[in-house]
Amino acid sequence: MNDEYLIVAALGTEIPTLEKSRHLLLTGIGKDSASVKLTRRLAQNPNIRTVINYGSCGSLRTDLMGVIDCARFIEGERDDWTETIDTGREGATLCTQDYFVTEAPKKEPKPDLVDMEGYSLAKACKEFGVDFYCYKFISDYVGEGNQLETWQENMHNGEDLFRQILSSKFNIN
């Protein structure tokens, strides 16, 4: 893949062993920061054909664990959740909010996972015609215990699983 791929994460603490890779873009937390930084990188590097996002997330489903492949993305700030992106692949539904979600959304359809960047990254990739893959490590479960503390303790725990995905699915070592 050489320079045709880019790995995107919000925080280096989520993916510490890849932090120095020239193929890694750290966006910071939140939709605006993620969107602006990825859009800038894609505009400056038209050879990028694949973006692979990795990060932590909260789960609304207690039957899920580990690193989850996300295929559908919901812009969570809209009243009716009509802004969605579907990659057409099998995978979880990720709802992106601009805040740390601590209670289940009341809207339907219920997503599987929640984060703070995924939808924005998917939208930027769609605009540039770039393939988008998104893998989220479940660091906490929405509504259970002290989520912020649990997230801080667990956010880096999925990196080895993600590196296995990079190797097996994308031949990136």
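Predicted model: local features only at pLDDT ≥ 70, side-chain atom pairs only at ≥ 80, totals over all residues.
Reader: OK, which elements each supply at least two residues of the lining of the largest pocket?

Author: Let's start with the pocket itself: the space in it comes to about 220 Å³. It is lined by 17 residues, and Ser56, Phe100, Asp115, Met116 and Trp151 are the closest to its centre. The elements that each give at least two lining residues are strand E3 (50-59), strand E7 (113-115) and helix H3 (147-154).

Reader: And which element gives the largest share of that lining?

Author: The largest share is three residues. They come from a strand that spans residues 50-59. That strand is E3.

Reader: How many of the lining residues are nonpolar?

Author: Sort the lining by residue type and you get three groups.

Reader: Moving on to helix H2, which residue follows it?

Author: H2 covers residues 118-128, and its buried residues include Gly118, Tyr119 and Leu121. The residue after H2 has a positive phi, near 70 degrees. That residue is Gly129.

Reader: Last one: is Leu161 buried, partly exposed or exposed?

Author: Leu161 sits in helix H4 (residues 159-170). Beyond its neighbours within four places in sequence, Leu161 touches Gly66 and Val67. Buried means under 20% relative accessible area and exposed means over 50%. Leu161 has 37%, so it counts as partly exposed.

How values were computed:
Residues numbered from 1 in each chain as written. Heavy atoms only, no water. 1 Å grid on protein atoms, 1.4 Å probe; cavity = no way out; pocket = protein on both sides within 12 Å on 5 of 7 lines; lining within 4 Å. Points joined across faces, edges and corners; volume = space filled by probe spheres on them. Helix = DSSP H or I, 4+ residues; strand = E, 2+ residues; numbered from the N terminus. Nonpolar A, V, L, I, M, F, W, Y, C, P; charged D, E, K, R; others polar. Buried < 20%, exposed > 50% of the residue type's maximum accessible area, 1.4 Å probe, protein only. Contact = heavy atoms within 4.5 Å.
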